[in-house]
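Student: I would like to learn how to read a model feature by feature. Where do we start?

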Amino acid sequence: MSDVNHRRGLPAFVTDGRVLQYGAMGLAAAFLVLYLAFGCDNIYRDVANCYADMTRTFAGGDWLGAFHPALPILNVGLAGGLTWIGIEPVPALVIVSGVFYIATIPALYAMLKYFLPPAGAGWGAVLF
């Protein structure tokens, strides 16, 4: 079977079942992010006091007053876009942070493969 897939030009991770593992990890991470965004009420003070206010101000159109010079603008800008389309500021910030969290998993796995066997790197990515 793998010879047939190899001749078709499919990458190795498709033929050895890693697509299913990556998909399962991605779905679990996405479920966790959505639960934290819409089902969890506890937030940190800096998110509630600073970032959510900046996101709300950005979504309101006051781009000059939305950003504090000492804080990064990427999360606020992306969450401001989500707030502008109708999501509340705190869940929007959690969603944007969660997307960055999910995007970190493959990079972490690739880095861990240099120091651990593939099974250990996989468990490290799962535990992250």
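Tutor: With one residue. A66 is buried, at a relative accessible area of 0%. Keep in mind that this is a predicted model.

Student: Which helix holds A66?

Tutor: A66 sits in helix 5, residues 63-66.

Student: Which residues touch A66, leaving aside neighbours within four places in sequence?

Tutor: M54, T57 and F58 are in contact with A66. Take M54: A66 and M54 are twelve residues apart in sequence, yet 4.8 Å apart in space, C-alpha to C-alpha.

Student: Now the whole fold. How many helices and strands are there?

Tutor: Eight helices and zero strands. Along the sequence the pattern reads α-α-α-α-α-α-α-α.

Student: What share of the residues is buried?

Tutor: Of the 128 residues in the protein, 22% are buried. The protein exposes about 9000 Å², and carbon and sulfur atoms supply 69% of that area. Then look at contacts with a separation of 6 or more: residues 24 or more positions apart account for 42% of them.

Student: How do I read a pair of packed helices?

Tutor: Two packed helices are described by the angle between their axes and the distance between the axes. Here, helix 4 and helix 6 (residues 74-84) pack at an angle of about 60°, with axes 8 Å apart. Helix 4 and helix 6 are therefore oblique to each other. The crossing of helix 4 past helix 6 is right-handed.

Student: Which residues make the contact between helix 4 and helix 6?

Tutor: Helix 4 contributes Y51, M54, T55, F58 and A59. Helix 6 contributes V76, G77, A79, G80, G81, T83 and W84.

Student: Pick T55. Is T55 buried or exposed?

Tutor: T55 is buried, with a relative accessible area of 0%. This residue lies in helix 4, residues 45-59. Leave out residues up to four places away in sequence, and T55 touches V76, A79, G80, T83, P89 and L93.

Student: Next, aromatic rings. How is a ring pair described?

Tutor: A pair of aromatic rings is described by the distance of the centres and the angle of the planes. This structure holds three aromatic pairs. In one of them, the ring centres of F58 and W63 are 5.7 Å apart and the planes are at 20°, so the pair is stacked.

Student: Are F58 and W63 buried or exposed?

Tutor: One of each. F58 counts as buried, at 18% relative accessibility. W63 counts as exposed, at 57%.

Student: What is the geometry of the Y101 and F128 rings?

Tutor: The centres of the Y101 and F128 rings lie 5.2 Å apart, with planes at 35°, so this pair is tilted. The pair links distant parts of the chain, 27 residues apart. Y101 is in helix 7 (residues 89-112), and F128 is in the segment after helix 8 (118-127).

Student: How accessible are Y101 and F128?

Tutor: Y101 is partly exposed, at a relative accessible area of 25%. F128 is also partly exposed, at 40%.

Student: Which residues do ring pairs link into a cluster?

Tutor: F58, W63 and F67.

Terms used: Residues are numbered from 1 along each chain as its sequence is written. This is a predicted model: local features need pLDDT of at least 70, side-chain atom pairs count only at pLDDT 80 or more; totals for chains, interfaces and linings use all residues. Side-chain values use heavy atoms; hydrogens and water are left out. Rings of Phe, Tyr and Trp (its six-membered ring) pair if their centres lie within 6.5 Å; planes under 30 degrees apart count as stacked, over 60 as edge-to-face and the rest as tilted. Buried means under 20% relative accessible area, exposed over 50%, partly exposed in between (1.4 Å probe, protein chains only). Helices (H or I, at least four residues) and strands (E, at least two) are DSSP runs, numbered from the N terminus. Contact means heavy atoms within 4.5 Å. Accessible areas come from the Shrake-Rupley method with a 1.4 Å probe; for residues, only the protein chains shown count as cover. Axes are lines fitted to C-alpha atoms, for helices over the stretch in contact, and angles run from 0 to 180 degrees between N-to-C directions. Angles under 35 degrees count as roughly parallel, over 145 as roughly antiparallel, 65 to 115 as roughly perpendicular and the rest as oblique. A crossing is left-handed if the near helix is turned anticlockwise from the far one by less than a right angle, and right-handed if clockwise.
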